[in-house]
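Here's a quick walk through how this fold packs its insides. Have the model open while you read.

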Amino acid sequence: MKKENVIKLLKNRQVSYKELANITGYHEKSLIRLNREIKNNTISVIHGNKGKKPHNYIDSETKEKLIDNYKKNNYKSIKSYYNKLKGKYSYSFLCKLLPKSNNEKTFLLKRKAIKHNIIQFDNVRYKILNANIKHYSIVYLEPNLSYIIYNNQKYQIEQIKKLKSKKGLSKYN
């Protein structure tokens with residue numbers, strides 16, 4: 001039940017708080033508090049945060065400055081730009097805001113992928129050749145999809161083709 005309707009019922013109250021709680025779905029203590037606010041004329045129907053800006057609001061002008069600065073200085077990655085800003089903005093905010101450069105696709109390798117030296121990107125699986133990469137490592141996938149960069153070293157990858165098993169399920173070879 002809406003707060004306005006509860007206030008009307010409290011003003012014209014002819015039943016106990018317990019019965020009113022059953023009717024409205026509010027707790028008895030909440031009804032007592034609302035009744036006290038009605039008597040003191042401190043009641044408000046609007047929520048206290050309505051119309052206020054969020055505490056972490058960043059205006060569009062600041063966002064444009066961040067994007068321009070990132071593009072002008074040709075940072076190697078978003079991570080290096082984040083380190084330069086010294087944590088003033090969160091890394092996830094920068095990743096959502098800043099466009100990825102054309103030559104960089106970053107993703108997180110998963111435990112299962114590492115176990116079998118396999119990574120998956122855009123629903124295509126690739127086998128990493130001659131690599132020993134740790135769990136949950138960030139690697140850079142080059143646009144031609146022929147190698148990844150991990151710890152400033154290049155590792156070749158090759159696409160794995162799907163095979164049909166006897167049961168009709170797809171397997172990777």
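The largest nonpolar core in this predicted model has 12 residues, among them Ile58, Leu66, Tyr70, Tyr81, Phe93 and Leu98. A nonpolar core here is a set of buried Ala, Val, Leu, Ile, Met, Phe, Trp, Tyr and Cys residues joined through side-chain atoms within 4.5 Å; buried means under 20% relative accessible area, exposed over 50%, with a 1.4 Å probe and protein chains only.

Helices are DSSP runs (H or I, at least four residues), numbered from the N terminus. A second, separate core has 9 residues, including Val6, Leu10, Leu34 and Ile38.

Now for H1 (residues 3-11), where Val6, Ile7 and Leu10 are buried. Looking down the axis of H1, these buried residues fall within an arc of 100° (taken from the directions from axis to C-beta atoms), so they line one face of the helix. Lys8 and Lys11 are exposed on the face turned away from that buried side. The buried residues pack against H2 (17-24) and H3 (28-40), where contact means heavy atoms within 4.5 Å.

The axes of H1 and H3, lines fitted to C-alpha atoms over the stretch in contact, come within 10 Å and cross at roughly 75°. That makes the two helices roughly perpendicular (65 to 115 degrees).

Residues are numbered from 1 along each chain as its sequence is written. Local features need pLDDT of at least 70, side-chain atom pairs count only at pLDDT 80 or more, totals for chains, interfaces and linings use all residues, and side-chain values use heavy atoms, leaving out hydrogens and water.

Conventions
Axes are lines fitted to C-alpha atoms, for helices over the stretch in contact, and angles run from 0 to 180 degrees between N-to-C directions. Angles under 35 degrees count as roughly parallel, over 145 as roughly antiparallel, 65 to 115 as roughly perpendicular and the rest as oblique.
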